[in-house]
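Here's a quick briefing to read with the model open beside you.

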Amino acid sequence: PMRALVIANTGDDDPGYVGERLVHHGYELDIRHRDGTDLPAHLEGYDLVVMLGSDWSVYWEHVGDHVARESALIREAAATQRPTLAICYGAQLMSHALGGSVQPALQVEIGWYDIVSRDHELAPPGPWFQYHVDSFTPPPGAQVIAESSAGPQAYRLGAMLALQFHPEVSTRIVRRWGESGTAEAAKHGLDFEAIIGQSEALDAQSRERCHRL
């Protein structure tokens with residue numbers, strides 16, 4: 001079977017509807033942890049790379065070694081034209097690794113948002129779940145295909161696709177994030193309980209949108 005390398009944080013490694021769809025397409029998922037010791041040194045043997053989100057920021061000094069290790073894999077993926085899907089923190093890390101930048105967002109997005117898209121196949125307009133306090137500047141040569149008032153939302157670079165939003169989330173994932181994110185949301189005047197209710201209402205169509213993407 002084809003093999004997909006899925007990179008995530010320990011305890012937050014559910015690839016949700018993205019993982020489900022890859023399995024439909026015949027992929028075997030190899031889930032590895034960016035904060036652990038099990039990240040492969042190279043991408044040989046993998047047909048696809050998926051980088052999930054994280055509650056980290058790329059610019060935090062204390063995660064610098066992890067950022068450097070994952071950045072090396074991203075540069076290898078770019079050099080070998082390996083299809084890569086980078087989600088949220090993954091998209092920020094891809095930007096950082098390939099010559100873009102990451103900074104605290106002027107506008108935090110937590111909850112369900114529509115995006116303005118120029119490519120409805122690779123970045124349908126939504127609504128999509130968002131959960132980020134950082135934003136990125138795309139790397140040189142990237143083709144920005146979606147944005148919102150908070151900044152770029154999606155870009156293409158060769159065989160790589162970066163998404164600031166979370167196509168993978170199920171209500172179960174949103175609930176789990178709510179356990180740690182309720183205070184963060186409240187700090188920005190948002191009600192995470194209401195967001196969970198919205199997630200339940202949008203779950204079926206969100207799954208279908210993710211599968212299409």
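How many positive and negative side chains does the protein chain have, and how far apart do the centres of the two sets lie? There are 16 positive and 29 negative ones, with the two centres 4 Å apart. For that tally Lys and Arg are positive and Asp and Glu negative, with His and the chain ends not counted, and each charge is placed at NZ of Lys, CZ of Arg, CG of Asp or CD of Glu.

Before going further: this is a predicted model, in which local features need pLDDT of at least 70 and side-chain atom pairs count only at pLDDT 80 or more, while totals for chains, interfaces and linings use all residues. Residues are numbered from 1 along each chain as its sequence is written, and side-chain values use heavy atoms, with hydrogens and water left out.

**Overall build**

- The protein chain carries five helices and 10 strands; these are DSSP runs numbered from the N terminus, helices being H or I with at least four residues and strands E with at least two.
- Its radius of gyration is 16 Å, close to the 17 Å the globule rule gives for 213 residues, so the chain is as compact as a globular protein of that length. The radius is taken over C-alpha atoms, and the rule is 2.2 Å times the number of residues to the power 0.38.
- Along the principal axes, the C-alpha trace spans about 45 × 40 × 35 Å.
- Of the 213 residues, 53% count as buried. Here buried means under 20% relative accessible area, exposed means over 50%, and partly exposed is in between, using a 1.4 Å probe and protein chains only.
- Among contacts with a separation of 6 or more, 71% come from residues 24 or more positions apart; contact means heavy atoms within 4.5 Å.

- Why call helix 3 (residues 89–97) largely enclosed by the rest of the structure? Eight of its nine residues are buried, so that's where the description comes from.
- The buried residues of helix 3 include Tyr89, Leu93 and Met94.
- Cysteine 88 sits in the loop between strand 4 and helix 3. This cysteine is buried at 3% relative accessible area, and has a positive phi of about 55 degrees although it is not a glycine.
- Just after helix 3, glycine 99 also takes a positive phi, of about 105 degrees.

- Most residues other than glycine have a negative phi, and most peptide bonds are trans.
- Glutamine 81, in the loop between helix 2 (64–79) and strand 4 (84–87), has a positive phi near 55 degrees. Glutamine 81 counts as exposed, at 54% relative accessibility.
- Glycine 126 and proline 127 are joined by a cis peptide bond, with omega at about 10 degrees. Proline 127 is in the loop between strand 6 (116–117) and strand 7 (128–137).

**Two buried serines**

- Serine 117 belongs to strand 6 and is buried at 13% relative accessible area.
- The side chain of serine 117 reaches the backbone oxygen of alanine 123 at 2.6 Å, and one of its polar atoms lies 3.0 Å from the backbone nitrogen of aspartate 119.
- Beyond its neighbours within four places in sequence, serine 117 is in contact with Ala123, Pro125, Ile145 and Ala146.
- Serine 148, in strand 8 (residues 143–148), counts as buried at 16% relative accessibility.
- The side chains of serine 148 and glutamine 153 make a polar contact at 2.9 Å. Such a contact is a pair of N or O atoms within 3.5 Å; within protein, one must be able to donate a hydrogen and the other to accept it, and residues adjacent in sequence count only if both atoms are side-chain atoms.

**Tyrosine 46**

- Buried or exposed, which is tyrosine 46? At 7% relative accessibility, tyrosine 46 is buried, and its place is the loop between strand 2 (27–33) and strand 3 (48–51).
- Its side chain makes a polar contact with that of aspartate 30 at 2.6 Å.
- Leaving aside neighbours within four places in sequence, the residues in contact with tyrosine 46 include Arg3, Leu5, Pro40 and Arg82.
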